[in-house]
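Have the sequence and the model side by side.

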Amino acid sequence: MAQTHYTVRKLPWGSESIVRWATEPVGRAVVFVHGFGGEALGTWDQFATLLPLQPQAAGRDLFFYGYDSLVAQAPVSAAELRDFLQTLWTDPVAGVILPSVQDARRADPAFRYNHVTLVAHSLGAVVVREALVQAAMDTPPAPWLKDVSLVLFAPAHTGAAILDLANEALGAMPARFGAAAAAGAKAYAQVLRDLERGSDMLEKLKEDSDDLLGRGYDSLRAKVVVLGQKDRIVQAVRFCKDPGPTIVADKGHIGVCKPDAGYPAPLGYLLPHI
Amino acid sequence: MDSESGFAPAPEPVNPKLPPLAQELLRDFELLARARDGEDAPWIDPVFPALDERLLLSPEAQATNLRDLMGLYYQGTEAPEAVKLFRRVAAGKKRVKLEVLLRDHRDDPIVDGDEIAWRDAFDDLLTCGSVLELALQVGYVDGLAAGFRDEVLPILDDPWVRRYYEEHYPLLLPQLFRQRLAGGRYYRAHRGPRQVAAFQRAVELESRLLGHPDVRRFLELADDFLVDGYDRSDLLRLAAEPEALATALTRRGRNRTVLDQAAGGLRRFLYLTDGLYQVLGMVEGDRVFQSGLWYLFGYWYAARREAVVPTLTTMLATIGKWPAGEAARAGSEAEVALPPARRARELSVAIDALASGEYGKALREGWRVAAGTAGSTTKNTKGAKGSSGAGAT
């Protein structure tokens with residue numbers, strides 16, 4: 001086995017985003033998008049360490065995209081993510097690679113991505129879907145949409161139990177910080193309102209997604225939707241034409257997307273789609 | 001909702017309203033679609049390389065790794081300022097006594113702005129040396145940049161600098177690095193995929209979390225520094241006030257106080273603790289390299305344990321006693337209440353293990369043994385070219 005990825009680098013997109021560049025790039029990228037109260041890398045725990053050990057991950061650039069999930073509204077975060085994805089496709093070297101690596105190893109001006117897998121958790125699924133919808137509704141529509149795959153962990157795209165989700169936001173901090181959420185929720189009320197089941201934003205997202213799926217935007221259909229058996233925050237309701245959820249036992253909303261040596265499921269479900 | 005309730009395993013994406021034949025057709029159709037997309041496997045077994053597996057690293061990859069580390073820990077930090085200052089002092093062009101500058105802050109507090117900045121620069125240089133030492137041990141890099149050894153060795157050899165990192169703030173990795181640069185014995189770890197992955201993760205934890213300004217702020221207060229009128233007692237008081245803590249964590253922009261920063265730093269330091277414990281678990285069985293990785297962070301868990309660890313454990317214990325509020329009640333039967341509680345236990349285990357000093361033994365004892373016998377170290381015949389020298393692991 002050879003070294004497949006360099007150590008982490010800052011990515012000048014989003015908020016505190018991180019990237020692990022492939023040593024032998026093959027034009028494929030995996031973009032991880034965290035959920036409410038999450039963190040670019042922290043949400044995914046050992047993904048950034050264990051994924052490069054998998055033969056299927058060789059050559060894939062691994063992006064851990066961060067955004068201000070506590071305060072910024074989901075459509076705003078989505079617009080920023082859309083801009084990042086657009087640049088990733090249209091101007092990857094000057095717009096994304098060189099500002100991060102700052103040397104000649106990836107300076108080939110002809111380099112382009114031919115496939116991007118978007119991996120999202122919780123609110124991240126809403127942000128990703130909204131970003132794709134915005135890209136499809138651009139004039140002209142983004143041509144790269146057909147080369148995108150979606151892998152979703154505990155997606156909040158059909159709404160969430162927002163009080164519990166608020167609890168989770170600070171609960172993501174180890175220990176009982178979640179109990180502070182009732183107070184903290186004041187600061188991020190709009191984000192939570194957007195995630196309430198049946199909210200205007202989610203209804204619009206579903207309506208637009210249905211419309212785009214009907215017009216052939218098949219990449220809006222998730223490849224796999226993974227839910228923890230103990231998740232009480234999001235519903236196991238299928239979104240548009242998504243496949244039914246794949247359930248993992250003994251995992252809740254937070255832990256479902258965090259692989260380790262004893263819980264390889266997140267890796268196992270992602271690997272076929274990168 | 002009891003703990004047994006929840007989603008039942010039902011992975012097959014079929015519509016239960018459809019008759020069985022239609023369900024079969026639908027399933028076949030989906031399988032066909034997956035095969036068409038080249039994704040007929042819904043699952044691929046992940047691999048976890050054995051600890052003794054070997055990782056191949058091309059000279060080009062090692063050279064790039066070195067550039068990355070130097071960019072992150074040298075050019076991207078204040079370390080060059082320490083080199084410049086040392087040169088000017090040695091040439092008699094700067095009237096700074098290293099004996100005074102690099103004193104123990106517990107004997108004579110550091111309050112002068114220039115002194116703080118210069119000491120930070122020396123700290124950055126020592127961190128750079130520590131990371132390079134580990135990188136050389138595991139073969140992540142094969143030697144150092146031209147001229148770097150000649151630039152750094154005189155600094156690490158200086159008696160006042162040595163007193164700084166050997167006595168006042170004892171750090172083992174810079175001592176090993178100095179010995180390596182001086183052509184002395186050095187340790188070579190097994191270069192396996194798990195060791196290198198653990199090293200890369202340690203670099204990520206160090207640079208992204210330990211090096212984060214919020215974490216530095218938390219550690220300052222936890223270490224009982226007085227910053228803008230705040231000290232450790234304010235940190236402990238914050239842990240007792242859930243609403244104040246939540247507000248501190250969510251305040252943005254210029255309104256953030258030192259205490260807000262420290263609250264954010266606590267959060268990141270807990271992530272660091274969790275992550276470091278996992279990293280050490282990845283190389284369980286390779287005790288010496290595991291020990292080396294621990295030393296990259298060990299100062300805060302060992303040398304400063306009497307200040308930082310009690311602050312951490314007191315805050316966690318205080319938070320653990322919070323009365324169940326509305327949100328907590330809402331979540332008490334939900335899974336969200338479980339992982340934090342479980343993680344609190346896991347964190348306590350991690351903190352205890354990291355602060356016990358056990359992780360530090362293997363490398364420290366190996367180094368002492370090596371002073372008298374060959375042990376697990378190798379005579380460095382190539383100076384800064386370190387780990388490429390011949391010798392047993």
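Confidence comes before detail. Chain A has a mean pLDDT of 89. In that chain, 91% of the residues reach 70 or more. One stretch of chain A falls below 50, namely residues 172–183. That stretch still has 59 contacts in the model, beyond near neighbours in sequence. Where pLDDT is low, the predicted coordinates should not be read in detail.

Now turn to chain B. Its secondary structure comes to 19 helices and two strands. The chain has 393 residues, and 43% of them are buried.

Helix packing comes next. Two packed helices are described by the angle between their axes and the distance between the axes.

Start with helix α3 (residues 79–90) of chain B and helix α5 (residues 113–137) of chain B. Their axes lie 7 Å apart, at an angle of about 110°. Angles of 65 to 115 degrees count as roughly perpendicular. That is why α3(B) and α5(B) are described as roughly perpendicular to each other. Their crossing is left-handed. From α3(B), the contact uses Ala79(B), Glu81(B), Ala82(B), Val83(B) and Leu85(B). From α5(B) come Trp118(B), Ala121(B), Phe122(B), Asp124(B), Leu125(B) and Cys128(B). By class, this contact has nine nonpolar, no polar and two charged residues.

The second pair is helix α6 (residues 148–157) of chain B and helix α8 (residues 172–181) of chain B. Their axes come within 10 Å and cross at roughly 125°. That angle makes α6(B) oblique to α8(B). This crossing, too, is left-handed. On the α6(B) side are Arg149(B), Val152(B), Leu153(B), Leu156(B) and Asp157(B). They meet Pro174(B), Phe177(B), Arg178(B) and Leu181(B) in α8(B). The contact of α6(B) with α8(B) divides into six nonpolar, no polar and three charged residues.

Further along, helix α10 (residues 213–222) of chain B packs with helix α13 (residues 258–282) of chain B. Here the axes come within 7 Å and cross at roughly 100°. This makes α10(B) roughly perpendicular to α13(B). On the α10(B) side, the contact is made by Pro213(B), Asp214(B), Val215(B), Arg217(B), Phe218(B) and Leu221(B). On the α13(B) side, among the residues in contact are Val258(B), Gln261(B), Gly264(B), Leu266(B) and Phe269(B). This contact has eight nonpolar, three polar and three charged residues.

Is Leu249(B) buried or exposed? Leu249(B) sits in helix α12 (residues 242–250) of chain B. Within 10 Å there are 23 other C-beta atoms, so Leu249(B) is buried. The cut-off for buried is 20 or more. Leu249(B) is 207 residues from Pro42(B) in sequence. In space, the two are 39 Å apart, C-alpha to C-alpha.

Last, look at helix α14 (residues 287–295) of chain B. Eight of its nine residues are buried, so α14(B) is largely enclosed by the rest of the structure. The buried residues are Val288(B), Phe289(B), Gln290(B), Ser291(B), Gly292(B), Leu293(B), Trp294(B) and Tyr295(B).

Key: Residues are numbered from 1 along each chain as its sequence is written. Chains are lettered from A and ligands numbered from 1 in the order in which they are written. This is a predicted model: local features need pLDDT of at least 70, side-chain atom pairs count only at pLDDT 80 or more; totals for chains, interfaces and linings use all residues. Axes are lines fitted to C-alpha atoms, for helices over the stretch in contact, and angles run from 0 to 180 degrees between N-to-C directions. Helices (H or I, at least four residues) and strands (E, at least two) are DSSP runs, numbered from the N terminus. Angles under 35 degrees count as roughly parallel, over 145 as roughly antiparallel, 65 to 115 as roughly perpendicular and the rest as oblique. A crossing is left-handed if the near helix is turned anticlockwise from the far one by less than a right angle, and right-handed if clockwise. Two residues are in contact if their C-beta atoms, placed from the backbone, lie within 7 Å. Ala, Val, Leu, Ile, Met, Phe, Trp, Tyr, Cys and Pro count as nonpolar, Asp, Glu, Lys and Arg as charged, and the others, Gly among them, as polar. A residue is buried if 20 or more other C-beta atoms lie within 10 Å of its own, exposed if 12 or fewer, and partly exposed in between; C-beta atoms are placed from the backbone. pLDDT is the predictor's confidence in each residue, from 0 to 100.
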